[in-house]
Amino acid sequence: MTTLYVLDVPENTGLAQAAAEDPGVSVGRIGPYFEITASDAITIDRRATGCRHAVWYSAVAGVARDSRITQHDKNALRVEPA
Amino acid sequence: MPDRHSATRLPVSQAGPIGPRLTAAGNVALLRVPSSKTGRGDAYAAFGREVPTYFIRSRHLAIHVDSYEDLMEYRYRLDASQWPVETQIQHETIESIYTHDPNGYMVELTRAMRPVTPQEDLDANLTIDALLDVVAEPSPSLAKLLARKAELIVERAAQWELEHTGP
């Protein structure tokens, strides 16, 4: 299981929408956060989110202990099972 | 927790004219001109060619102002001083003006493009609580911070929303 948390503020909604495009990824909510989960890796294409760099690099609020970030650069955010 | 911006708020009405203040208080002629053998840096630090420019530019003081009008007031005053605004940029969430002080140190004045929301205050508090937990343990890291913060989100976020949105 892979779990990523992103705060639900206007600048981050494009990221949650882009994540949900992947049929293997579920986007739910816990309080004011998006809870983005998948049984395997989560990969989000930055250009599909509409985020520029300042928002992109500050969008990750939390990563579950059984998951780890393996890529977070100008192209993509990838979180995989730890 | 106190307002995160309270330490840097400086209403224009209390700020006084920037140019004359810096000139009078700083004895500019006595200050060491920003220079080094490398030619990169300021009066406080010099950097070699191997140091990325983005790192050098990341070292600066950023001061929050309350509104676009306040930001423009600072811009007018700086432009009339010996330290005119060098750049004005709308980032995604903030708008900033930049100059360098008499020591060659970069100074930013910035305003938020929208008000800070209550959920952002929650998020900031969870970050600080997670940070305190992680630095109390050996070998703190960003990965450990994000893992601890994920736990705090699971523990607190749903209850927070109930308390802030009602039944």
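Strand E1(A) is mostly covered, with six of its six residues buried (under 20% relative accessible area, 1.4 Å probe, protein chains only). The model is predicted, so that local features need pLDDT of at least 70 and side-chain atom pairs count only at pLDDT 80 or more, while totals for chains, interfaces and linings use all residues. Residues are numbered from 1 along each chain as its sequence is written, chains are lettered from A in the order in which they are written, and side-chain values use heavy atoms, without hydrogens and water.

Both faces of E1(A) are covered: A:Thr2, A:Leu4 and A:Val6 are buried on one side, and A:Thr3, A:Tyr5 and A:Leu7 on the other. E1(A) pairs in the antiparallel sense with strand E3 (residues 33–38) of chain A over six bridges, and A:Thr2 stands opposite A:Ala38 in E3(A). An antiparallel pairing over three bridges joins E1(A) to E5(A), where A:Gly62 lies opposite A:Tyr5. Strands (E, at least two residues) are DSSP runs numbered from the N terminus, and two of them pair if DSSP finds at least two bridges between them.

The contact (heavy atoms within 4.5 Å) takes 23 residues from chain A and 22 residues from chain B. About 1,800 Å² is buried between the two chains, 60% of it on carbon and sulfur atoms; this buried area is the accessible area (1.4 Å probe) lost on putting two parts together, summed over both. Three salt bridges are found across the interface (a side-chain nitrogen of Lys or Arg within 4 Å of a carboxyl oxygen of Asp or Glu). B:Arg114 and A:Glu11 meet in a salt bridge through their side chains (2.7 Å, N to O).

Notes. Buried means under 20% relative accessible area, exposed over 50%, partly exposed in between (1.4 Å probe, protein chains only). Helices (H or I, at least four residues) and strands (E, at least two) are DSSP runs, numbered from the N terminus.
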